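Here is my note on this entry. Please read the points with the model open beside you.

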Amino acid sequence: MNVSIGVGHHVIHVHAPLTRGVLVHRNPTNTPLNSQSKFPFLFSLSLSTATQLRAVRGARVAASMSYDKQLAAAKKAASLAARLCQKVQTALLQSDVQSKSDQSPVTVADYGSQALVSFILEKEFPSVPFSLVAEEDSGDLRKEESGETLHRITELVNETLVTDGMNDISLSKEDVLKAIDNGKSEGGPHGQHWVLDPIDGTKGFLRGDQYAIALALLDEGKVVLGVLACPNLPFASITRRDQSISEDRVGSLFFAQVGAGTYMQSLDGSPPTKVHVTAIENPEEASFFESYEAAHSSHDLSSLIARKLGVKAPPVRIDSQAKYGALSRGDGAIYMRFPRKGYREKIWDHAAGYIVVAEAGGVASDVAGNPLDFSRGRYLDLDTGIIVTNQKLMPSLLKAVQESIKEKASAL
Ligand SMILES: Nc1ncnc2c1ncn2[C@@H]1O[C@H](COP(=O)(O)O)[C@@H](O)[C@H]1OP(=O)(O)O
Ligand SMILES: [Mg+2]
Ligand SMILES: [Mg+2]
Ligand SMILES: [Mg+2]
């Protein structure tokens with residue numbers, strides 16, 4: 001029996017014998033099918049058949065889905081957001097920085113970037129319910145004293161749309177607030193969800209250093225595509241200086257789709273080239289990335305681990321998921337992140353970076369060696385600490401991490 005079942009934005013065709021008679025109609029609106037309650041066109045469905053369908057659907061998602069359209073939209077949205085952020089960073093004024101209730105800084109660029117990406121993605125896929133898990137919300141912006149800031153954000157969003165030829169679109173302040181608040185989705189293991197950090201590394205952004213616009217797509221709990229726009233990351237390696245190449249372009253865009261590898265192009269639009277993590281097997285030759293901000297990751301612990309591994313090079317400290325991008329093209333071999341105990345990692349801080357590295361041949365895990373699980377809502381549920389490297393180095397890195405954590409604990 002041939003049937004068609006919806007998977008997220010797609011309808012796929014199944015040529016599989018089903019044990020009981022099932023009548024499946026093509027989903028007329030192509031809406032995502034997230035739960036049984038959203039299968040109104042699927043009737044006479046027995047539990048065993050539902051289980052079979054889910055299994056077939058899962059296999060198809062993993063094996064052969066194409067997310068080309070979503071990837072194109074994500075690249076466009078992240079590139080435009082990068083343009084908006086660059087403009088703000090160039091003209092950074094005191095008034096452009098607010099403090100959120102959790103005391104972390106947030107700028108007109110964080111809000112503007114989230115509004116722009118949210119607006120573009122929803123517009124690109126009008127026939128599907130839009131789900132976005134994103135960092136910012138409009139709570140503080142709706143306060144009376146934020147009127148001027150909201151005005152500035154709205155202006156910035158509209159000016160950026162014009163630079164991409166969208167002259168006929170003008171968002172109102174209310175449209176901007178709504179686009180920002182579209183990011184309140186809880187994500188989870190079913191259906192498709194966009195995941196966005198509109199500016200990852202706000203501290204770096206404010207310092208004039210590294211930051212990233214990080215956008216990913218989850219399908220049935222798995223990251224299936226990711227885009228990292230890194231406006232201040234040189235296009236050439238930041239660690240290996242090849243004298244014969246005079247490459248001084250700044251602005252790197254990384255993108256990856258499940259099963260299709262990782263590519264990089266310059267933010268001003270050079271053709272994409274495929275990238276790979278380093279092939280280094282000897283930890284002594286490895287160099288490692290970590291946070292610039294000591295408050296975000298223990299520099300003491302990483303230096304203990306580096307000593308144990310025999311790493312000779314000093315740490316490369318940069319802000320944001322630009323670290324994942326740099327790792328994916330072999331600028332360094334290891335990324336270590338050890339936040340203070342109790343810090344809860346958010347999915348938008350790792351989803352895009354994770355797939356960019358994974359599709360370039362790398363691996364990521366928590367300090368217990370568990371893979372990162374993006375299906376549990378807005379937070380990653382993990383044993384505090386994330387380590388990323390190539391397949392060859394992971395066993396010795398994990399061993400050194402676990403030994404070092406034990407040593408530090410027993411020294412207390
Ligand atoms: N106390 C903290 N510990 C760890 N990470 C943090 C902390 N506060 C904010 N972050 C987040 O860490 C990430 C940047 O860390 P780093 O640049 O060191 O890799 C960002 O996602 C940042 O959020 P944000 O997106 O608001 O910048
Ligand atoms: Mg933040
Ligand atoms: Mg972040
Ligand atoms: Mg952020």
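1. Domain bounds here come from an automatic or database domain assignment. For the protein chain, that assignment gives domain 1 (2-64), domain 2 (68-275) and domain 3 (283-411).

2. Some ground rules. This is a predicted model: local features need pLDDT of at least 70, side-chain atom pairs count only at pLDDT 80 or more, and totals for chains, interfaces and linings use all residues. Residues are numbered from 1 along each chain as its sequence is written, while chains are lettered from A and ligands numbered from 1 in the order in which they are written.

3. Domains 2 and 3. Their centres, taken over C-alpha atoms, are separated by 23 Å. In all, 43 residues of domain 2 are in contact with 32 residues of domain 3 (contact: C-beta atoms, placed from the backbone, within 7 Å). On the domain 2 side, β7 (132-134), β8, α6, β9 (212-219), β10 (222-234), β11 (250-257) and β12 (262-266) each supply at least two residues. Helices (H or I, at least four residues) and strands (E, at least two) are DSSP runs, numbered from the N terminus. The largest share of this side, 7 residues, comes from β10. By class, the side divides into 24 nonpolar, 12 polar and 7 charged residues. Nonpolar means Ala, Val, Leu, Ile, Met, Phe, Trp, Tyr, Cys and Pro; charged means Asp, Glu, Lys and Arg; the others, Gly among them, count as polar.

4. The core. The largest nonpolar core has 108 residues, and Ala77, Ala81, Leu215 and Ala229 touch the most other members. Such a core is a set of buried Ala, Val, Leu, Ile, Met, Phe, Trp, Tyr and Cys residues joined through C-beta atoms within 7 Å. Helix α2 (residues 68-90) gives the most to this core, 11 residues. The core lies between domain 2 (68-275) and domain 3 (283-411), because both give residues to it. Leaving aside neighbours within four places in sequence, Ala77 is in contact with Leu116, Val117, Ile120, Leu121 and Leu215.

5. Helix α9 (residues 351-358). 8 of its 8 residues are buried, so α9 is largely enclosed by the rest of the structure. Buried means that 20 or more other C-beta atoms, placed from the backbone, lie within 10 Å of the residue's own. Among the buried residues of α9 are Gly353 and Tyr354.

6. Ligand 1. The ligand is surrounded by 18 residues, the closest being Thr202, Ser291, His296, Asp319 and Asp349 (cut-off: C-beta atom, placed from the backbone, within 6 Å). β8 (192-200) and α6 (202-207) are the elements that give two or more residues to this shell. The shell has 4 nonpolar, 8 polar and 6 charged residues. Domain 2 (68-275) and domain 3 (283-411) each provide at least three residues of the shell.

Key. A residue is buried if 20 or more other C-beta atoms lie within 10 Å of its own, exposed if 12 or fewer, and partly exposed in between; C-beta atoms are placed from the backbone. Two residues are in contact if their C-beta atoms, placed from the backbone, lie within 7 Å.
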